[in-house]
Amino acid sequence: MAAVEVNFDGLVGPTHNYAGLSYGNVASLNNAASYSNPKEAVLQGLAKMKAMHDLGLTQGVFAPHARPDINVLRRLGFTGTAEQVISKAFKADPVLVRACYSASSMWTANAGTVSPSADTLDGKVHFTAANLNNKFHRSLEPQTTTRLLKAMFNNEGYFSHHTHLPDQGFFGDEGAANHTRLGDEHGVQGLELFVYGASAFNSALPKPVKFPARQTLEASQAICRLHQLKPSSQLMIQQNPEVIDQGVFHNDVIAVGNANVLLCHEQAFLNQPLALQQIKDAYIGDKTLHIIEVPTAKVSVQDAVTSYLFNSQLVSLNNGKMLLVAPQECKNNQAVNSYIEEMILADNPIDKVQFFDLKQSMQNGGGPACLRLRVALNQQELAAVNPAVILNDSKYQQLCDWANKYYRDKLSNDDFADPNLLRESWQALDELTQHLQLGSVYPFQR
């Protein structure tokens, strides 16, 4: 049965801010304490979604999380009404409050891992929300992410949802940012490539020294078991620890795959020649697997990190070719732009590039690929998805009007002491759940 890959892009939340919370993410650290522009951010993301829809692709919408997270502040000893909790917490620890206001759920590549039905023994699409336990502000997300996924994919006949992995470092799981799928078509069995940064239990495997490895081998193995993956549909590859220490905090900052194409930097994986041979040997399909290995001599790791070349999206077009959806920073980087021009003229399925202004997301450390969760669905499964989360022209206009109604133009540090920001954010999300027909997914609604 014909299948499509749907990109569910995260809507940027009303409290989008730069707090420098993500150690190991160079862009996040470099832009800490800068002014943020939530309205600009959400409209930039919506413009990318609309462009994908206009290309004839099926495009989905992933709702943001409710922020601030009052429940966690109460657990940390702050009491009173929601407004009083914020006031007390801000006086005691402004950095903590900014973390609880974080709109990091916008990067839905970290929302979870998805295995299409063609790869699973029970023939269902499987979802596991990531525990994201390496960073406090992101560790607040798994429960709400699971509720959102269940509200979007709410037919038990087609979709299977799992509780996120245990909340500690041995099973550190960062979701689809360290997972990609290769195969001839979206609807046939493929190879799910799990890239881990370190092993929690095997001290013989190398680890990064400066920055943490956020994805463990043990977490990836657990996801394979939960998703009932066919043995031939799973392969574990270790990320190069040396590039993690250069700011490559997720595999999707150094490699991206789609269908029968894997685009990666030549330093992406540990023992890369062996790793690439393992991928070639494990590939399922009759088509040629195109591995495009970008030489360091043409694009340095630093250029890859600052431009987010590999955090571009690769999408299949109706003509059988592929489009590289890249951030504007790739065009502005001479070395990266030159390589892209060379690549699209070469003998591979990528024959076009489209650049997008995603500066608000990029400054916080997330490019086009960070903003989307990929879900391969056959036609029956697509028909079973909550239709209100699928973008069309009217939904796009509705969401733009909604954002213009509720979002602020600018946020600074002092704004997080303003109780009106809390009320505005929750009111906006309460209305959004109606637009997307999600039900009561947020704690303040329950």
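This dialogue discusses how to read several features of a predicted model.

Trainee: Let us begin with helix α2. How many residues of α2 are buried?

Mentor: Since burial is a matter of accessible area, the cut-off is needed here: a residue counts as buried under 20% relative accessible area. In α2, 12 of the 17 residues are buried, so the helix is largely enclosed by the rest of the structure. The buried set comprises Pro38, Lys39, Ala41, Val42, Gln44, Gly45, Leu46, Lys48, Met49, Lys50, Ala51 and Met52.

Trainee: What span does α2 reach from its first C-alpha to its last?

Mentor: A helix can be checked against the length expected at 1.5 Å a residue. The 17 residues of α2 reach 24 Å, close to the expected 24 Å. After α2 comes Gly56, which has a positive phi near 95 degrees.

Trainee: How should I describe the packing of α2 and α16, and at what angle do their axes cross?

Mentor: Consider the axes, then the residues. The axes of α2 (residues 38-54) and α16 (residues 393-406) come within 10 Å and cross at roughly 175 degrees. Angles over 145 degrees count as roughly antiparallel, which means that α2 is roughly antiparallel to α16.

Trainee: I turn now to α13. Which of its residues are buried?

Mentor: In this helix, Val336, Asn337, Tyr339, Ile340 and Met343 are buried. For α13 the buried residues fall within an arc of 160 degrees, so they line one face of the helix. On the other side, Gln334 and Leu345 are exposed.

Trainee: What covers the buried residues of α13?

Mentor: The cover includes the strands β10 (261-265), β11 (290-294), β13 (322-327) and β14 (350-356), together with the helices α11 (301-307) and α12 (328-332). As for length, α13 spans residues 334-345, and its 12 residues reach 17 Å, close to the 16 Å expected.

Trainee: Where does Leu132 lie, and is Leu132 buried or exposed?

Mentor: Leu132 has a phi near 50 degrees, a positive value in a residue other than glycine. Its place is the loop between β4 (125-129) and α6 (136-139). With 2% relative accessibility, Leu132 counts as buried.

Trainee: What is the phi of Tyr308?

Mentor: Tyr308 has a positive phi of about 60 degrees, although it is not a glycine. This residue sits in the loop between α11 and β12 (313-316). Tyr308 counts as buried because its relative accessibility is 3%.

Trainee: Finally, why does Thr108 count as buried?

Mentor: Apply the cut-off again, and then list the neighbours. Thr108 counts as buried because its relative accessibility is 1%. Thr108 is in the loop between α5 (94-100) and β3 (112-115). Leaving aside residues up to four places away in sequence, Thr108 touches Phe8, Asp9, Gly10, Phe62, Cys370, Leu371, Arg372 and Leu373.

Trainee: How exposed is Gln221, by contrast of topic?

Mentor: Gln221 is partly exposed, with a relative accessible area of 32%. This residue is in helix α8 (residues 217-226).

Note on methods:
Residues are numbered from 1 along each chain as its sequence is written. This is a predicted model: local features need pLDDT of at least 70, side-chain atom pairs count only at pLDDT 80 or more; totals for chains, interfaces and linings use all residues. Side-chain values use heavy atoms; hydrogens and water are left out. Helices (H or I, at least four residues) and strands (E, at least two) are DSSP runs, numbered from the N terminus. Buried means under 20% relative accessible area, exposed over 50%, partly exposed in between (1.4 Å probe, protein chains only). Axes are lines fitted to C-alpha atoms, for helices over the stretch in contact, and angles run from 0 to 180 degrees between N-to-C directions. Angles under 35 degrees count as roughly parallel, over 145 as roughly antiparallel, 65 to 115 as roughly perpendicular and the rest as oblique. The expected span of a helix is 1.5 Å times one less than its number of residues. The arc is that of the directions from the helix axis to the C-beta atoms. Contact means heavy atoms within 4.5 Å.
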